[in-house]
Amino acid sequence: MGIQARIVHKLPKWIRLAPMDVMFAFLGAFSSVSTLVGWAQPSSLSQFLPWWGPLLWSICLLTGCTAWVVGLTSIKENNGHLVLTRMPALILGLYLVSIASLAYAAALVIVAGPRGLVAATSFLAISAGTYLRRIDFASRFRGDI
């Protein structure tokens, strides 16, 4: 076993099973904390929203990312099947991240016009992806699948 495989094998199961989810959640959390402490200021949100808008956006994103990670950390193995024991937290987190990403994409387009679509594309992709993931998990949680 190579060094990379040994490092990956030592990571917690929830990181190994959902590395992209973990990456996006931590990137969002870093972005929101940076806004809350004043290291970064999302200018598109600041131009479009009142003074409390970027603050509310960053709190929503931070809460969503935190709930997303809390949900992911609950992945357990039960008789060879993976079980999420904190599904409501995961669903809430995905919902909040989806809304925050969509709001940021909308602000980019409103402030920059059609040129803002290029910058907004990644936020629209995150919003759509987290929305679809939330719908999938919610339907599994209810037993529809």
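Student: How many salt bridges does a search of the whole structure find?

Tutor: Side chains of opposite charge can pair when their charged atoms come close. The search finds one salt bridge, the term meaning a side-chain nitrogen of Lys or Arg within 4 Å of a carboxyl oxygen of Asp or Glu. This is a predicted model, in which local features need pLDDT of at least 70 and side-chain atom pairs count only at pLDDT 80 or more, while totals for chains, interfaces and linings use all residues. Residues are numbered from 1 along each chain as its sequence is written, and side-chain values use heavy atoms, with hydrogens and water left out.

Student: Which side chains meet in the salt bridge?

Tutor: Those of Asp-21 and Arg-133, at 2.7 Å from N to O. The pair links distant parts of the chain, 112 residues apart: Asp-21 is in helix H3 and Arg-133 in helix H7 (residues 116–142). Helices here are DSSP runs of H or I with at least four residues, numbered from the N terminus.

Student: Is Asp-21 buried or exposed?

Tutor: Buried means under 20% relative accessible area, exposed over 50%, and partly exposed in between, with a 1.4 Å probe and protein chains only. Asp-21 has 8% relative accessibility, so Asp-21 counts as buried. Arg-133, at 32%, is partly exposed.

Student: What does Arg-134 touch?

Tutor: Arg-134 also has its place in helix H7, and with a relative accessible area of 15% Arg-134 is buried. Leaving aside residues up to four places away in sequence, Arg-134 touches Ile-91, Leu-94 and Tyr-95; contact means heavy atoms within 4.5 Å.

Student: At what angle do the axes of H3 and H5 cross?

Tutor: Two packed helices are described by the angle between their axes and the distance between the axes. Axes are lines fitted to C-alpha atoms, for helices over the stretch in contact, and angles run from 0 to 180 degrees between N-to-C directions. The axes of H3 (residues 19–37) and H5 (residues 53–72) come within 8 Å and cross at roughly 150 degrees. H3 and H5 are therefore roughly antiparallel, a label for angles over 145 degrees.

Student: Which residues make the contact?

Tutor: Among them are Asp-21, Phe-26 and Ala-29 of H3, and Trp-57, Leu-62 and Val-69 of H5.

Student: Where does Phe-26 lie, and what does Phe-26 touch?

Tutor: Phe-26 lies in helix H3 and is partly exposed, with a relative accessible area of 48%. Not counting residues up to four places away in sequence, Phe-26 touches Trp-14 and Val-69. Phe-26 and Val-69 are 43 residues apart in sequence and 8.3 Å apart in space, C-alpha to C-alpha.

Definitions and conventions
Helices (H or I, at least four residues) and strands (E, at least two) are DSSP runs, numbered from the N terminus. Angles under 35 degrees count as roughly parallel, over 145 as roughly antiparallel, 65 to 115 as roughly perpendicular and the rest as oblique.
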